[in-house]
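Reader: Please take me through this structure one feature at a time, with the general idea first and the particular case after it.

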Amino acid sequence: MKTPYTKYLIIIIALIGFNCGSNTAATTQTKTPAPFNLITEKQFNDLFPQRKPFYTYAAFIKAVHDLSQIKVKVTRRGISFYQYIRTDKTTGKSVTVREDQDFNADWNKKKPESIYIVDYADFCMAKDAQTNKKELAAFFANVAHETRNGSIGTYDDGLMYIHEIDTSNAYLAPNDVYPATKGKKYYGRGPIQLSYNGNYGRASDFIFGDKKVLLNDPKMIETDPVVAFETAIWFWMTPETDKPSAHDVMIGKWQPNATDKAEGRTPGFGMTINIINGPVECNKGDDVKPMNDRMGFYQFFLKQFGATDLNCACSCGKMMPYYY
C-alpha cells in the first residue's frame with residue numbers, strides 16, 4: 001500500500017544504504033546518520049496488523065531519521081532551573097531554546113549542576129544488535145499498550161488509537177515555561193499518548209527548537225504521523241528531573257542510586273513502565289492487568305525480533321513510582 005510518506009522512505013534508504021546492526025551515527029554534520037535496520041516494513045506491518053493507516057512504517061522511519069539529526073545538551077541547576085542547547089547536525093548550528101529566568105544569576109550558579117546530552121541518533125542504535133532489539137521491543141511494547149483496542153493477551157492490536165477516546169479533559173497544568181495556549185487541549189495523542197501542556201511544550205522545544213509549535217497546534221500530533229512518532233521517540237529518549245529515560249534504562253546506562261534502591265527500582269523493562277505510567281501501574285503487586293499487558297507485548301516482540309531478555313526485571317509491582 002502506497003502512502004504519502006512512501007517517497008520519504010525511498011529517499012532515506014537511497015541516502016543511507018544498509019548496514020545491519022551498525023552503530024555509525026553521525027559525529028559531524030557531514031556524515032549521514034546510522035541506518036535503522038532493526039525492523040523491515042513487513043515486520044512492522046506484521047507486528048501491527050490492525051493499526052490505523054495513519055501509522056505507517058515510512059512515517060516511523062522518517063521520524064527516526066529526522067530526530068537522529070538532533071542533539072540537545074540539558075543543564076540543570078538546583079532542582080528546577082534549566083538550560084537547553086539544541087544542535088542541528090545538518091547545519092552544525094547550536095541554539096539555546098530554553099534558559100530559565102535567573103539560570104545564570106550568581107546565587108544560582110552556586111547550586112549543584114548536572115549536565116546530560118540527549119542524542120536522538122542513539123534511539124535503538126547505541127549498543128550491540130541484541131541490546132538494540134531489546135530496546136525496540138520495549139519501545140513497541142509500551143507504544144502498543146498505549147494505543148491498543150482489543151483483548152488483553154492477543155498482542156496484535158497496537159497503534160489503533162491516534163488520540164485517547166475521551167477528549168473532554170484538556171490536561172492543563174500550571175507551567176511558567178510551557179503555559180497552555182488558550183482554547184487548546186493537551187489530551188493523550190500519538191503512539192505514546194503524550195499528555196499535558198508541559199510535555200507538549202518541552203517536546204516541541206527539543207523536536208522543533210520552538211515550544212510554540214506544539215503548544216499552539218497540539219493536533220499536529222494526530223494529523224502528522226511523522227510528528228506523532230517523533231513525540232513518542234522524544235519521550236522515550238529524554239530524562240525528566242530525577243526520572244531516567246527509558247532509553248538509558250534499556251541500554252544499561254542508568255543505574256539506581258541509594259534512593260532508587262530503597263524504593264525498589266531496578267534496571268529492566270519494569271522501569272520503563274514506571275517511567276511512563278508508574279503512579280497507576282507500579283507498586284501494586286504483580287496482578288495489575290495494564291502492567292502485565294505491557295510485559296506480554298515485550299516478550300511477544302522480543303520473540304519476533306529473535307531476541308531474549310533472560311534476566312528481565314519486567315515487573316514494576318514492587319517499585320515505588322515517581323511523584324512530583
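**Reading the cysteines, the sheet and the helices**

Author: Cysteine 282 is a buried residue, with a relative accessible area of 2%; buried means under 20% relative accessible area, exposed means over 50%, and partly exposed lies in between, using a 1.4 Å probe and protein chains only. The model is a predicted one, in which local features need pLDDT of at least 70 and side-chain atom pairs count only at pLDDT 80 or more, while totals for chains, interfaces and linings use all residues. Residues are numbered from 1 along each chain as its sequence is written, and side-chain values use heavy atoms, with hydrogens and water left out.

Reader: To which residue does a disulfide join cysteine 282?

Author: A disulfide is read here as a pair of cysteine sulfur atoms within 2.5 Å, and the partner of cysteine 282 is cysteine 316, with an S to S distance of 2.2 Å. The torsion about this S-S bond is about -85 degrees, so the disulfide is left-handed. Cysteine 282 sits in the loop between α12 (269-281) and α13, whereas cysteine 316 sits in the segment after α13, so the pair ties together parts that are 34 residues apart in sequence. Helices here are DSSP runs of H or I of at least four residues and strands are runs of E of at least two, both numbered from the N terminus. Cysteine 316 is likewise buried, at a relative accessible area of 0%.

Reader: How many disulfides does the structure hold, and how are the bonded cysteines paired in sequence order?

Author: There are two disulfides, and with the bonded cysteines of the protein chain numbered in sequence order the pairing reads 1-4, 2-3. The other link is formed by cysteine 312 and cysteine 314, whose sulfur atoms are 1.6 Å apart, and with 110 degrees about the S-S bond this link is right-handed. Of these two residues, cysteine 312 is partly exposed at 21% relative accessibility, while cysteine 314 is buried at 8%.

Reader: In what order do the strands of the open sheet lie?

Author: As a general idea, strands of a sheet pair through backbone hydrogen bonds, either parallel or antiparallel, and two strands are taken to pair if DSSP finds at least two bridges between them. In this structure the open sheet has four strands in the order β3-β2-β1-β4, with antiparallel pairing. The edges are β3 (93-99) and β4 (113-119), each of which has a single partner strand, so one side of each is left without a neighbour in the sheet. Neighbouring strands are turned by 15 degrees against each other on average, direction ignored.

Reader: How many bridges join β1 to β2, and which residue stands opposite valine 72?

Author: Eight bridges join β1 to β2, and valine 72 stands opposite arginine 86 in β2. These strands form a hairpin with three residues between them, and glycine 78 in the turn has a positive phi of about 65 degrees. On the other pairing of β1 (residues 70-77), seven bridges connect it with β4, where tyrosine 116 is found opposite valine 74. The hairpin of β2 and β3 has four residues between the strands, and its glycine 92 takes a positive phi near 80 degrees.

Reader: Is α6 largely enclosed or left open by the rest of the structure?

Author: Of the 12 residues of α6, 11 are buried, so the helix is largely enclosed by the rest of the structure. Helix α6 (residues 197-208) reaches 16 Å from its first C-alpha to its last, close to the 16 Å expected, where the expected span is 1.5 Å times one less than the number of residues. After α6 comes glycine 209, whose phi is positive, near 75 degrees. In helix α3 (residues 57-67), 10 of the 11 residues are buried, so this helix too is largely enclosed by the rest of the structure.

Reader: Which residues does arginine 294 touch?

Author: Contact means heavy atoms within 4.5 Å, and arginine 294, located in helix α13 (residues 289-305), touches Ala141, Asn142, His145, Glu146, Phe269, Ile273, Ile276, Asn277 and Glu281, not counting residues up to four places away in sequence. Arginine 294 counts as buried, at 0% relative accessibility.

Notes. Axes are lines fitted to C-alpha atoms, for helices over the stretch in contact, and angles run from 0 to 180 degrees between N-to-C directions.
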